Amino acid sequence: MFSLCSKLEKENVNSLVESTRDLCVSKGILMRKRDGQSPTKTYMCVPCSLLPSPIPKDGFQLLTFLQPHINKLIHDVSQDDEFMSSAFKNVIKVDDFTKRLYDIYKASKAYDKQRLDFGILRCDYMFECVVDKSGKEFFNPKQIEINTIASGGIKLGSGLSSVHSDVLQYAKMKELTAHLPKNESLSRIAHGFFTAWKDYGNPNAIILIIYNENKPNIFDQRAVEYAIYDLDEHITVRRKTCWELIASIALSPDGKLFVDDEEVAIVYFRFGFTADDYTDEKFWDVRLKVEMSRAILCPSIGYQLAGCKKMQEVLAKPDALERFIDDVDVVQKIRNTFAGFYELEMNSDGDNAVRMALTNPDLYVLKPQREGGGNNIYGEDIVTLLSEIGNDERRCAYILMEKICPKPLDNIFVTASGHQKVQAISELGIFGVILARGNDVIENYSADHLMRSKSHEHNDGGIGSGLAVMDSPFLV
């Protein structure tokens, strides 16, 4: 694996950085700037890599092939009450956020609404570098997580592919643009919304986006909305915060959901994936009302739970995948992407996992049941937390995962104010769309990709926190 930085002419770097910023602005690769209490909304380029990052072509193709199988896996898991109950029985004793989600899941399952399940998923991977005895390098994709709610980067990933194509041409490397895979994630995901909206059966029903007004990735969300309009100008999309919904949401006796007297066909959550979103008890009332309705939810609370970290550990156990997937070859291909997972239950296996983590903390990641960046625990922080918890069932709220070790490659990170050469490691996300009603699958497909990179010096990283940048895959 090689870095494209080696092909750059040094005197061109400043010019290419400036062009990259201008391209990002012209193509809408923007985010809201955090301005504290300022009432003025200002915007900036999304931090990005100057050049795309190489990954194995065969690995990329494999993960794209597997995504529909993972979509269906998440759907089937969400329908399996027994499996869900077994997976979360100890987590919900010590994790209040997961318990509240699970309680709503159980309440909603008591009603047979026969509604469509709609998932926009993103499965994230790193390519672990393994060197054999002869010194040959192998790059094996390892799953980091499956995002089942508010999967971001839909517009940013597809837009940055276009930026990098232009940058390669400006850098006199036009012939290399053939290594950039096509990325139509925005249009493919919009197609999923359009199909789900038609399935609902009321052309006057709206699509409701529940969003958090404090998040900076407003343009990524808006782009989905605009792409839906491009497919049918008669669709109405409304954006509401949970505060606004408290007074405006209503449930009819026959289970229809209304907001400001408009019937809702689809509820799209860009909110609710973290406990911090529920700043008022009434927000939980809104979530319950939505979940009990006949509206199509993206995602249902079952899908959200199926994406929890505990489910990663449970699905990695022997025979777990076979419960849901008949194809032996597919099962093995998915299992090969799993890193090592270790339960922290109150038993001998959990005790052994704690000892392993305390002895070699740098080999593992401790993961709570949370989405979004900044939640995972690394290194000596693992020792501190597990030592404080001790032999206490609070450890059941976490899972232990082997740390994935990609090979760092040189790249240049571009921000709104400067640029920096770094040794970067990359994370590839594959989008998927599924529309299913029980065992009847209406749509199920891979919906292209996004890539993010961070300095190898950082354990955790997010675009919003400034520790990671958007990137594009360069297939080799």
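The legends below describe close-up views of a predicted model.

**View 1. Domain 1 and domain 2 of the chain.**
The domain assignment divides the chain into domain 1, made of residues 4-339 together with 404-475, and domain 2, made of residues 340-403. The centres of the two domains, taken over C-alpha atoms, are separated by 25 Å. To the contact, domain 1 contributes 30 residues and domain 2 contributes 24 residues. Between them, domain 1 and domain 2 bury about 2300 Å², and 52% of this area lies on carbon and sulfur atoms. On the side of domain 1, the residues that lose the most area to domain 2 are Val94, Lys309 and Ala339, which together account for 25% of what that side buries.

**View 2. The packing of helix H1 with helix H6.**
Helix H1, which covers residues 13-26, packs with helix H6, which covers residues 154-170, at an angle of about 150 degrees, and their axes are 10 Å apart. Because angles over 145 degrees count as roughly antiparallel, H1 and H6 are described as roughly antiparallel to each other. From H1, the residues Leu16, Ser19, Thr20, Leu23 and Cys24 take part in the contact, and they meet Leu160, Val163, Asp166, Val167 and Tyr170 from H6.

**View 3. The packing of helix H3 with helix H5.**
Helix H3 (residues 81-88) and helix H5 (residues 96-109) pack at an angle of about 160 degrees, with 12 Å between their axes. H3 and H5 are therefore roughly antiparallel to each other, and H3 passes H5 in a left-handed crossing. In H3 the residues to look for are Asp81, Met84, Ser85 and Phe88, which meet Thr98, Tyr102, Tyr105 and Lys109 in H5. The residues of the contact between H3 and H5 comprise four nonpolar, two polar and two charged.

**View 4. The cis peptide bond from Cys298 to Pro299.**
The peptide bond that runs from Cys298 to Pro299 is cis, and its omega is near 5 degrees. Pro299 has its place in the loop between strand S12, residues 296-298, and helix H11, residues 301-306.

**View 5. The positive phi of Lys172.**
Although Lys172 is not a glycine, this residue has a positive phi of about 65 degrees. Lys172 is found in the loop that lies between H6 and helix H7, the latter covering residues 185-200.

How values were computed: Residues are numbered from 1 along each chain as its sequence is written. This is a predicted model: local features need pLDDT of at least 70, side-chain atom pairs count only at pLDDT 80 or more; totals for chains, interfaces and linings use all residues. Side-chain values use heavy atoms; hydrogens and water are left out. Axes are lines fitted to C-alpha atoms, for helices over the stretch in contact, and angles run from 0 to 180 degrees between N-to-C directions. Helices (H or I, at least four residues) and strands (E, at least two) are DSSP runs, numbered from the N terminus. Angles under 35 degrees count as roughly parallel, over 145 as roughly antiparallel, 65 to 115 as roughly perpendicular and the rest as oblique. Contact means heavy atoms within 4.5 Å. Domain bounds come from an automatic or database domain assignment. Buried area is the accessible area (1.4 Å probe) that two parts lose on being put together, summed over both. A crossing is left-handed if the near helix is turned anticlockwise from the far one by less than a right angle, and right-handed if clockwise. Ala, Val, Leu, Ile, Met, Phe, Trp, Tyr, Cys and Pro count as nonpolar, Asp, Glu, Lys and Arg as charged, and the others, Gly among them, as polar.
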